[in-house]
Amino acid sequence: MLDPAATAIINHLLRGASWARDELRRFSGKTARFEVMPLALSLTVLESGEIAPAAAAEPAVTIRLTPGLLLRLAARDETAWREVGIAGDTDFAATINHLARNLRWDVEEDLSRAFGDIAAHRMAESGRTFRRWGEQALLNTGRSFAEYWTEERPLITGAHDLDDFNRAVDELRDDVARLEKRIEQQLSRR
């Protein structure tokens with residue numbers, strides 16, 4: 001049930017990006033298996049550069065993800081790619097990685113087919129504005145919590161307080177070192 005839906009979505013993206021189909025054609029006939037426990041999805045690359053659900057083919061590459069890692073990848077966390085488990089053909093896996101990072105859905109183009117260019121542009125711009133608003137709201141909320149925890153209910157040390165503490169520790173270390181030298185000088189005079 002998941003295979004046809006995923007295949008349709010991925011093929012839709014591939015049809016809008018001839019460069020991506022060209023890259024996949026090199027792996028025609030090979031199968032990639034994606035495991036996100038408890039689900040697994042196997043896809044075979046066709047000669048056209050599109051994909052199809054794999055019948056019972058042995059995968060050339062297996063890519064293992066956790067649900068949390070999948071969410072981080074969807075959020076474009078570049079550090080998450082280092083945690084992806086890969087077994088098999090590394091060239092194929094590198095191409096899949098490249099496509100996953102660079103293949104984008106042209107929402108505005110799809111909307112224009114249904115609603116026309118002007119309406120599609122306005123809808124897409126509204127979506128972008130809403131996304132920016134959400135990002136800004138999240139940033140502001142984080143800053144508010146940080147301020148609350150550093151100023152109102154100090155659970156976290158502020159940068160200024162931490163700098164003051166570090167300076168005091170450095171001064172104490174220097175004072176102790178000077179005191180040790182003076183003691184050594186006094187002992188050596190005797």
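Tutor: Welcome! Two strands count as paired if DSSP finds at least two bridges between them; a strand is a DSSP run of E with at least two residues, and a helix is a run of H or I with at least four, both numbered from the N terminus. The model is predicted, so local features need pLDDT of at least 70 and side-chain atom pairs count only at pLDDT 80 or more, whereas totals for chains, interfaces and linings use all residues. Residues are numbered from 1 along each chain as its sequence is written, and side-chain values use heavy atoms, leaving out hydrogens and water.

Student: What makes strand 1 and strand 2 a pair?

Tutor: The rule asks for at least two bridges, and six join strand 1 to strand 2 (residues 39-45), so the two qualify as paired. They run antiparallel, with V36 bridged to L39 in strand 2.

Student: Why is strand 2 described as largely enclosed?

Tutor: Five of its seven residues are buried, so the rest of the structure largely encloses strand 2. Here buried means under 20% relative accessible area, exposed over 50%, and partly exposed in between (1.4 Å probe, protein chains only).

Student: What makes a nonpolar core, and which residues have the most contacts inside the largest one?

Tutor: A nonpolar core is a set of buried Ala, Val, Leu, Ile, Met, Phe, Trp, Tyr and Cys residues joined through side-chain atoms within 4.5 Å. The largest has 24 residues, and L24, V61, L65 and F92 have the most contacts inside it. Helix 1 (2-15), helix 2, strand 1, strand 2, strand 4, helix 3 (67-74) and helix 4 each supply at least two of its residues. Helix 4 gives the largest share, four residues.

Student: Now the aromatic rings. How many pairs are there, and why are F27 and F92 called stacked?

Tutor: Rings of Phe, Tyr and Trp (its six-membered ring) pair if their centres lie within 6.5 Å; planes under 30 degrees apart are stacked, over 60 edge-to-face, and the rest tilted. That rule gives two aromatic pairs. The ring centres of F27 and F92 are 4.8 Å apart and their planes are at 20°, so both values meet the cut-offs for a stacked pair. F27 lies in the loop between helix 2 (18-25) and strand 1 (31-36) and F92 in helix 4 (residues 90-102), so this pair ties together parts 65 residues apart in sequence. Relative accessibility is 6% for F27 and 1% for F92, so each is buried under the 20% limit.

Student: What makes F130 and W133 a stacked pair?

Tutor: Their ring centres are 5.6 Å apart and their planes at 25°, so this pair is stacked as well. F130 and W133 are three residues apart in helix 6 (residues 117-152), a separation of about one helical turn. Both F130 and W133 are exposed.

Student: What makes E35 and R64 a salt bridge?

Tutor: The term needs a side-chain nitrogen of Lys or Arg within 4 Å of a carboxyl oxygen of Asp or Glu. For E35 and R64 the closest N and O atoms are 3.1 Å apart, so the contact qualifies. E35 is in strand 1 and R64 in strand 4, so the bridge ties together parts 29 residues apart in sequence. E35 is buried at 12% relative accessible area, while R64 is partly exposed at 43%. R33, E35 and R64 are linked in a network of salt bridges.

Student: How many salt bridges are there, and which residue does K30 join?

Tutor: The count comes to 12 salt bridges. K30 joins D89, with the closest N and O atoms 2.6 Å apart. K30 lies in the loop between helix 2 and strand 1 and D89 in the loop between strand 5 (85-88) and helix 4, so parts 59 residues apart in sequence are tied together. At 31% relative accessibility, K30 is partly exposed.
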